[in-house]
Amino acid sequence: MVSSIPPPHSSWLDRLPGLAMLAFLPTGMAAVLWGAPDWAWPQDVGIVDGAWASALEREVDEANGYRQLGVVFFGWLEYFVFGEGRPGVLVGEDGWLFTTEEFELCADEDAELSAWLDRVEQVRTRLDAQDSALVVALLPAKARLYPEQLGRYRWPEASGQRYERFRDGLLARGVQAPDLAGPMQAQAADGEPLFLRTDTHWTPQGAALVARLLADATRPDGLAITRYATQAAAQPLAHEGDLLSYLPLGPLQALGPAPDLVRTVQTQPAESDAGLGLFDEVSIPITLVGTSYSAAESWNFSGALRQAYQADVLDAAQEGRGPLQPMLEYLEDESFVQSPPALVVWEIPERYLCSSVFGASVSEAPVEVE
């Protein structure tokens, strides 16, 4: 016996989902455009290849006040409820913030460190050909110096020996690389902060300590002496660190980590060289190459080197380029080719050793202490 299936019954209820969708789409579009009164139709971009749609999305996204409200809302939720920030930051104890870059693991650490060592050796060989000495200022990670401020997170075990492994490799290849981690760890435990709480960078005190350690370990023969003196500002200034941008708290920003107080310092010649003639050649005996740790005037690293070595320093560091690219560009620069310095200080932060400069890196999910 075959039973027939009756045809589906049609009513207005069956059409309700479609009608709701037809009403929702234009209403939602109108709300988005109304909430972004400053947006403008994109001009001079292609329509067929999708560039126009992407440009319109950016225009509306940037102008939409509701989007910013959502960012702030989720910023509150992440920070006040879960004690977290946006991807890229770890919220530690007592207002300390850490970049997740320091928790990156090399996909193949042996290969990555070996590639770095090869490149440093190539740079040293190039400098040797110009009678310029090289010293690597290997800066330990902030999390290495202040593990007690990590709160519920802990330093990855795989990263524990990376600093010494790389430094030992440099020494084995004849590259000068004074130990900075040991003295900085000792100073971090008892003295002024060497890193800023809310920033990825160091303090002027941290820069000054490293400059003294480098000068004590490496001083080229016959270095021309120029007297320098460093003076600190009378009052510290509030500094909102770059990691605070990962805590978008809007009007409640004051309830988050407080900005750092930084006493800026400035290094100036203590005496003028009255014997320098109008057409005399100016030769700067030391060159500093590195990252924003060296390039930013706020930390006064080049000034600290002038003070420590009592010699002039050319600052060839660049912000936002990592440690390698500024060095490659400096070696091709006319200033190096025509007037090579006696000493090149190459500042390399530990956190860049697994930053995909040569190969792949993987990010480990920060481990929380139970």
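Guide: This is a predicted model.
Visitor: Which residue in β11 is the bridge partner of Thr 287?
Guide: The bridge partner of Thr 287 is Leu 314, in β11.
Visitor: What holds strands of a sheet together, in general?
Guide: Strands of a sheet pair through backbone hydrogen bonds, in either a parallel or an antiparallel way.
Visitor: And what is the order of the strands in the open sheet here?
Guide: The open sheet has 4 strands in the order β4-β12-β10-β11, with parallel pairing. Its edge strands are β4 (133–139) and β11 (313–315), each of which pairs on one side only. On average, neighbouring strands of this sheet are turned by 20 degrees against each other, direction ignored.
Visitor: Changing topic: which residues form the nonpolar patch on the surface?
Guide: The patch is formed by Phe 73, Phe 74, Leu 77, Phe 80, Val 81, Phe 82, Leu 252 and Leu 255, and together they have about 770 Å² of accessible area.
Visitor: Where does Leu 77 lie?
Guide: Leu 77 lies in helix α3 (residues 65–81).
Visitor: Why does Leu 77 count as partly exposed?
Guide: Leu 77 counts as partly exposed because its relative accessibility is 33%, and the class covers values between 20% and 50%.
Visitor: Finally, how many helices and strands does the chain have?
Guide: The chain has 12 helices and 14 strands. Of its 370 residues, 41% are buried. The accessible surface of the chain comes to about 20200 Å², and 55% of that belongs to carbon and sulfur atoms.

Methods:
Residues numbered from 1 in each chain as written. Predicted model: local features only at pLDDT ≥ 70, side-chain atom pairs only at ≥ 80, totals over all residues. Heavy atoms only, no water. Patch = residues over 30% accessible without salt bridge, like charges linked within 9 Å, V, L, I, M, F, W, Y side chains within 5 Å. Areas by Shrake-Rupley, 256 points an atom, 1.4 Å probe, with all protein chains shown as cover. Salt bridge = Lys/Arg side-chain N within 4 Å of Asp/Glu carboxyl O. Helix = DSSP H or I, 4+ residues; strand = E, 2+ residues; numbered from the N terminus. Buried < 20%, exposed > 50% of the residue type's maximum accessible area, 1.4 Å probe, protein only. Pairing = 2+ DSSP bridges. Axes fitted to C-alpha atoms, helices over the stretch in contact; angles between N-to-C directions.
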